[in-house]
Amino acid sequence: MGQAIPLAPGMEGILQHWQARAGEILTMADPGGHLYRSRLLTGLKEAVVFEKLSSGIEPPGPRWLCPVLPDRERMILIVQKGVELGATVIQPLISERSSAGDGGGMSSSQDKSATWNRVALRAARQCRRAIIPELHPVRTLEEFLRADPPRHRAFLDPGTDRTPLVAWHRAGMRDPLALLSGPEGGWSDRERGVLLQAGTTAISLGFRILRAETAAIAAMAVVAALDGAFT
């Protein structure tokens with residue numbers, strides 16, 4: 001602690017992605033995965049470590065947040081809060097009841113991606129994350145399921161016969177988890193069938209019907225609490 005430590009080869013490119021500058025304080029990991037608060041030195045090749053962090057900054061395994069794409073402002077909110085609450089991957093989805101689609105073709109998609117990445121970077125820096133979560137291109141539900149997503153995945157769906165989120169999390173806490181949050185109006189019957197046939201668990205947050213962005217954020221908050229992020 002308190003001494004200048006050389007950074008691993010290749011860190012300069014990573015730090016540029018973080019838009020880091022000399023004198024800034026960032027969360028860094030040692031080869032054993034332990035996290036520290038460190039101040040970058042001039043040249044971005046060394047850092048002074050001054051504080052070891054307890055567990056909870058990063059989840060115990062990959063955490064995918066997969067919201068059906070809402071309108072622009074609500075998606076920005078989901079990205080921001082999802083990053084703050086520990087998402088490691090954000091996968092936007094298109095469903096039959098999506099309130100927002102690509103709309104403007106490739107240019108529109110690129111603009112959205114750039115905005116979401118800026119929001120994710122700012123949120124990661126603000127809450128001392130050790131990684132910048134990945135933002136995947138928008139996919140349909142079928143494309144997502146064909147793309148080899150995490151085996152332990154669930155979709156939020158109101159109903160008394162749904163598995164409680166807590167029980168689902170307990171069954172696969174150390175596994176990569178994927179949490180799918182639906183659109184306003186819910187999943188269609190066809191989509192429910194596709195998800196269940198693909199081995200995706202229907203889970204519930206309780207009896208209240210939440211707005212799309214509230215459900216995504218609330219579910220990530222529950223996962224973060226179960227992961228021990230708030231202890």
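This report looks at a pair of packed helices and at the aromatic ring pairs in a predicted model.

**Two helices side by side**

Let's begin with helix α2 (residues 72-84) and helix α7 (residues 212-226), whose axes are 10 Å apart and form an angle of about 5 degrees. Angles under 35 degrees count as roughly parallel, so α2 is roughly parallel to α7. Which residues meet here? From α2 come Arg74, Leu77, Ile78, Lys81 and Gly82, and from α7 come Glu213, Ala216, Ile217 and Met220. Sorted by class, this contact of α2 with α7 has 5 nonpolar, 3 charged and 1 polar residues.

**Aromatic pairs**

Now for the rings: the structure holds 2 aromatic pairs. A pair of this kind is described by the distance of the ring centres and the angle of the planes.

| Ring pair | Distance of centres | Angle of planes | Arrangement |
|---|---|---|---|
| Tryptophan 64 and phenylalanine 144 | 6.4 Å | 55 degrees | tilted |
| Phenylalanine 155 and tryptophan 187 | 6.1 Å | 90 degrees | edge-to-face |

Where do tryptophan 64 and phenylalanine 144 sit? Tryptophan 64 belongs to strand β5 (residues 63-67) and phenylalanine 144 to helix α4 (residues 141-146), so their pairing ties together parts that are 80 residues apart in sequence. Buried means under 20% relative accessible area, so tryptophan 64 at 15% is buried, and phenylalanine 144 at 1% is buried too.

The pair of phenylalanine 155 and tryptophan 187 also links distant parts of the chain, 32 residues apart. You can find phenylalanine 155 in strand β10 (residues 152-156), while tryptophan 187 lies in the loop between β12 (177-181) and α6 (189-197). Both phenylalanine 155 and tryptophan 187 are buried.

Note on methods: Residues numbered from 1 in each chain as written. Predicted model: local features only at pLDDT ≥ 70, side-chain atom pairs only at ≥ 80, totals over all residues. Heavy atoms only, no water. Axes fitted to C-alpha atoms, helices over the stretch in contact; angles between N-to-C directions. Helix = DSSP H or I, 4+ residues; strand = E, 2+ residues; numbered from the N terminus. Parallel < 35°, antiparallel > 145°, perpendicular 65-115°, else oblique. Contact = heavy atoms within 4.5 Å. Nonpolar A, V, L, I, M, F, W, Y, C, P; charged D, E, K, R; others polar. Phe/Tyr/Trp six-rings, centres within 6.5 Å; stacked < 30°, edge-to-face > 60°. Buried < 20%, exposed > 50% of the residue type's maximum accessible area, 1.4 Å probe, protein only.
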